[in-house]
Amino acid sequence: MDRVRVLCRVRPTTTEEQARGERVVAIQGNQRLRLQNAAEYVGEHEASWAFDAAYDTDASQAQVYESIQPITQDVLRGFHATVFAYGQTGAGKTHSMFGPPDCSLDGPDAGVVPRLLKDLFAGLTAGDEVRVSCLELYDDLRDLLNEEHRPLKLRENRKDGSVVVDGAVDAVVKDVPATLALLERALVRRVVASHEMNADSSRSHFVASFRVTRPSINASAIMRLVDLAGSERVAKTKATGGTLNEAKRINSSLSALGNVIAALTSSTATHVPYRDSKLTRLLQSSLGGNAKTALLVCVSASSLHAEETVSTLRFGVRAKQVR
């Protein structure tokens, strides 16, 4: 039985972090991560955290993608698959998933998403079809490919129990450039805000779904690529007003995701609370179903964020137990 593959990536420290703090994260081998001089945040049995792969601050985008790449072949064979990024705001999730703005598809800075798409389209044959939808979970569930921004509704497919998004645009795409153009259009519409920890903090969860139909092998699959909004502590971001309310919603939905992970890995839980948030309902088949799932947890190397780093690492370790 497969389990969720969990990868950890450490973001380089900023100039401010170097001036005000110290590096506390140490990578051991290629799979373990340890915190130094952070005893106040580390539990009694948390000497180190083990993942399927651990990447230090000098890791390239290509190295990170290498551990995720097999999912492309799973999709081409007809397996559902999901890749999602989790971590504190400003920890490098969007950079890892998409790369910097306007980066070249063939350039070294291209993130996981453009690399996955390049390999996906390279594996298709004549007659295969790819459809894409781009959703944002903010106040409500919104379609980023529809200029009207109408709220969408989730419903359960009675035949197979899967969760369906009613009314979302499902656009046919023929190649990588066309797909990336759609994604770019969607990302521009995504809600962002500036605060003390991140000048372009994502205030919503972004979910891109690719429905791949392959008549040549009588198979179909859905690949979901999820860039979660970053968890944040209000005391650090100094968020106020609308941004503060957004932070509360973000933390609430991420807490619901954590509760689902806890229930899935508990030997005594009799109920998995998928319905506690739209995020967990949408990802239900990815977390507790038979999808191939990879989780990229992103953390900071600085002592200034040690508490958030420990929280993210704990989430990653729990997710690794989901089968």
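1. Ser302 sits in the loop that links strand E16 (292–300) to helix H11 (306–319). Helices (H or I, at least four residues) and strands (E, at least two) are DSSP runs, numbered from the N terminus. Ser302 has 1% relative accessibility and so counts as buried; that label means under 20% relative accessible area, with a 1.4 Å probe and protein chains only. Beyond its neighbours within four places in sequence, Ser302 is in contact with Thr13, Glu17, Glu22 and Val24. Contact means heavy atoms within 4.5 Å.

2. A word on the basis. This is a predicted model, in which local features need pLDDT of at least 70, side-chain atom pairs count only at pLDDT 80 or more, and totals for chains, interfaces and linings use all residues. Residues are numbered from 1 along each chain as its sequence is written, and side-chain values use heavy atoms, with hydrogens and water left out.

3. Helix H5 covers residues 112–122. Eight of its 11 residues are buried, so H5 is largely enclosed by the rest of the structure. Among them are Val112, Val113, Pro114 and Arg115. Leu116, Leu117, Leu120 and Phe121 are also buried.

4. Now the whole protein. It has 11 helices and 16 strands. Its radius of gyration is 19 Å, close to the 20 Å of the globule rule for 323 residues, so the protein is as compact as a globular protein of that length. That radius is taken over C-alpha atoms; the rule is 2.2 Å times the number of residues to the power 0.38.

5. Burial and contacts complete the picture. Of the 323 residues, 50% count as buried. Among contacts between residues at least 6 apart in sequence, 67% join residues at least 24 apart.
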